[in-house]
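Hi everyone, thanks for coming. Let me put today's structure on the screen, and then we can walk through it together.

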Amino acid sequence: MKSMIALLCLFASLSVFAIETGKPAPDYKINRVATNRDPDQFLLKNLKGKVVVFEWLNHGCPFVRKHYDSGNMQALQKKYVNQGVVWLSVISSAKGKQGYVEVEDALKEMKSNKSAATDVILDPEGKIGLLYGAKTTPHMYVINKEGVLVYQGAIDDKPDTEQGSILSAKNYVAEALDLTLAGKPVSQGTTKAYGCSVKYK
């Protein structure tokens, strides 16, 4: 059953990306965040000088569960947030669709899943997701201190739901962050995202 769900959820990314790696990442408007912080502090124009990660999130997706149940996603979040990275988990599930949450539920999910993300952005209208062309959960983006998109795509090279594959995986996000934080160019700036389709309205 698990493998069948994974196959049904698997979503192949399109070859044409909404935004181009190596170009300035577009800014956006945030309606709500999970915490009581001012959403405007997470606008890109206010994050210049910070490395930013976007992680498209849906806790009902088995591909997401792989990385959270194993602790892999939280370990990445904690490691890089401790190095000054702003890590934003984005939920673009529309109201009435799988994965949709209100603020209170988003906070509960952060706590129960031991998320170390800086915050969770609620995007039920899908405006940020469609702007960035997010196709899957997870779908990952890395933006450097100058506001340039330096990576977009999969979290790693193991497009499955098996926790055991994490140990042998090449983690594209970690590689992109390590290079970016070291002031070096990201050698592999675009990969094919995998996971469940984002549940847009």
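One definition before we start: angles under 35 degrees count as roughly parallel, over 145 as roughly antiparallel, 65 to 115 as roughly perpendicular, and the rest as oblique. What you see is a predicted model, where local features need pLDDT of at least 70 and side-chain atom pairs count only at pLDDT 80 or more, while totals for chains, interfaces and linings use all residues. Residues are numbered from 1 along each chain as its sequence is written, and side-chain values use heavy atoms, with hydrogens and water left out.

Let's begin with the overall fold. The protein has six helices and eight strands; these are DSSP runs numbered from the N terminus, helices being H or I with at least four residues and strands E with at least two. Along the sequence, the order is α-β-β-α-α-β-α-β-α-β-β-β-α-β.

Now, please find helix α3, residues 72-81, and helix α6, residues 172-181. Their axes come within 12 Å and cross at roughly 5°. Axes here are lines fitted to C-alpha atoms, for helices over the stretch in contact, with angles from 0 to 180 degrees between N-to-C directions. So α3 and α6 are roughly parallel to each other.

Which residues in α3 and α6 meet? From α3 we have L76, K79 and Y80, and from α6 A174, L177, D178 and L181. Contact means heavy atoms within 4.5 Å.

Finally, the whole protein: its C-alpha trace spans about 45 × 35 × 30 Å along the principal axes. Of its 201 residues, 53% count as buried, meaning under 20% relative accessible area with a 1.4 Å probe, protein chains only.

Technical notes: Buried means under 20% relative accessible area, exposed over 50%, partly exposed in between (1.4 Å probe, protein chains only).
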